[in-house]
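Keep the model open while reading.

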Amino acid sequence: VKQAKQVGRPQVYEAKQASEARRRFSIETELRRALDKDQLKLFYQPLINLKSGEVAGFEALARWNHEDRGEISPTEFIPVAEESGLILQLGRWAMHKAADTLAAWDKEAGERLPVYVGVNLSAIQVARDDVASVVQSALKSSGLTGDRLTLELTESSIVQDPARATRVFDALKSLEATVAMDDFGTGYSSLAYLQRLPIDVLKIDRSFVTGMMVDPDSVAIVRAVLSLADALGMSTTAEGIETVELATTLATLGCASGQGFYFAKPLEPAEALDYWKSRRRP
Ligand code: C2E
Ligand code: MG
Ligand code: MG
Ligand code: MG
């Protein structure tokens, strides 16, 4: 709106805003239908142990191939799901699907895979759903133990209601699940919460990892996060590793694990199991 005034062509911007609002509204309606018809999928991106090169786990990432619009990015539909409340249904679906998939891999491989599956939890779920019960129910129906799940929470799930977040994090820990702080460094939470909450892993945001190639400040930030995690007894994961140089540098700096297109993009479940087998050491 501000920009429209400046350039003096308000009608163009109003038209653009109206069409964005229409798309958002259609996405909401169609997402509700897609969830009801079970048309979303989860893809699995490997997280690699940077020391051993083996797969440490997989992050489950929602995918929506819309029948007319094609692939819609989660960066578009997750915010819509959050604003509309559909994230509660989507989140429960993702938790159950991810747990069932890991249990199916175990069965197919004929052994308990030494990997976890990471599931993203939105701040809206933390605020409005009983996420510990959702996790418990997914564990029960899949037969997995809690230590096979990593829950990726963001700083935004803490800032609104720290007391509630504390109860939720504690409840997740009592199920023996791993708690990871996703996109660490991009939010507004206070460092005091790192001390107070049972956080096992810091996931260094992709923006800092990408920045390492060109910007000494990003390297300094990554080093600081790694040393903070070490001092607090937490593990670390880096997201957005796109080159061998980044993988090597992060390993040298002591980052425990990482994910990124250099290793693999998010994969279909069958491809993910094959990927695990291919990186397994004899
Ligand atoms: P996130 O949890 O931080 O997930 C990591 C994102 O980084 C994924 O994007 C992944 O595809 C992308 N990524 C990984 N490695 C690389 C790389 O080397 N280069 C680049 N350019 N990107 C990389 P994706 O799948 O588009 O998901 C975006 C966000 O949507 C996620 O960020 C997460 O916040 C949200 N999301 C996705 N699935 C779910 C879900 O089931 N539930 C919730 N609550 N949020 C989800
Ligand atoms: Mg994540
Ligand atoms: Mg992340
Ligand atoms: Mg994110």
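Donors are N, O and S atoms within 2.8 Å of the metal (3.2 Å for Na, K and Ca); water is not among the atoms, so sites may look incomplete. This is a predicted model, in which local features need pLDDT of at least 70, side-chain atom pairs count only at pLDDT 80 or more, and totals for chains, interfaces and linings use all residues. Residues are numbered from 1 along each chain as its sequence is written, chains are lettered from A and ligands numbered from 1 in the order in which they are written, and side-chain values use heavy atoms, with hydrogens and water left out.

Take the magnesium ion (ligand 3). Its donors are spaced D-D-x55-E along the chain. They come from Asp182 (OD), Asp183 (OD) and Glu239 (OE), at 2.1 to 2.4 Å.

Now the magnesium ion (ligand 2). Glu59 (OE), Asn120 (OD1), Glu152 (OE) and Asp182 (OD) are its protein donors, lying 1.9 to 2.2 Å from the ion. Here the spacing along the chain reads E-x60-N-x31-E-x29-D. Distant parts of the chain are linked by one pair: Asn120 in strand 4 (residues 116-120) and Glu152 in strand 5, 32 residues apart. Helices (H or I, at least four residues) and strands (E, at least two) are DSSP runs, numbered from the N terminus.

Which residue bridges the two magnesium ions, ligand 2 and ligand 3? Asp182 does, and the ions lie 3.7 Å apart.

How accessible are these donors? Buried means under 20% relative accessible area, exposed over 50%, and partly exposed in between (1.4 Å probe, protein chains only). Asp182 has a relative accessible area of 6%, so it is buried. Glu152 is at 3%, so it counts as buried.

Stay with Glu152 in strand 5. Contact means heavy atoms within 4.5 Å. Leaving out residues up to four places away in sequence, Glu152 touches Glu59, Val119, Asn120, Leu121, Ala180, Asp182 and Lys203.

Next, the empty space. Rolling a probe the size of a water molecule over the atoms shows where such space is left. On a 1 Å grid over the protein atoms alone, a pocket is an open set of points where a 1.4 Å probe fits, with protein on both sides within 12 Å along at least five of seven lines; lining residues have an atom within 4 Å of a point. Grid points are joined across faces, edges and corners, and a volume is the space filled by probe spheres set on the points. The largest pocket has a volume of about 1100 Å³. It is lined by 39 residues, of which Glu59, Leu61, Pro74, Thr75 and Asn120 are the closest to its centre. Elements giving two or more residues to this lining include strand 2 (55-66), helix 3 (74-84) and strand 6 (178-184).

Finish with helix 6 (residues 131-142). Val131, Ala132, Val134, Val135, Ala138, Leu139 and Ser142 are buried there. Why do they fall on the same side of helix 6? They cover an arc of only 160 degrees around the axis, taken from the directions from the helix axis to the C-beta atoms. Lys140 and Ser141, on the other side, are exposed. Cover for the buried residues includes helix 4 (87-109), helix 5 (123-128), strand 5 (149-153) and helix 8 (162-174). Gly143 follows helix 6, with a positive phi near 80 degrees.
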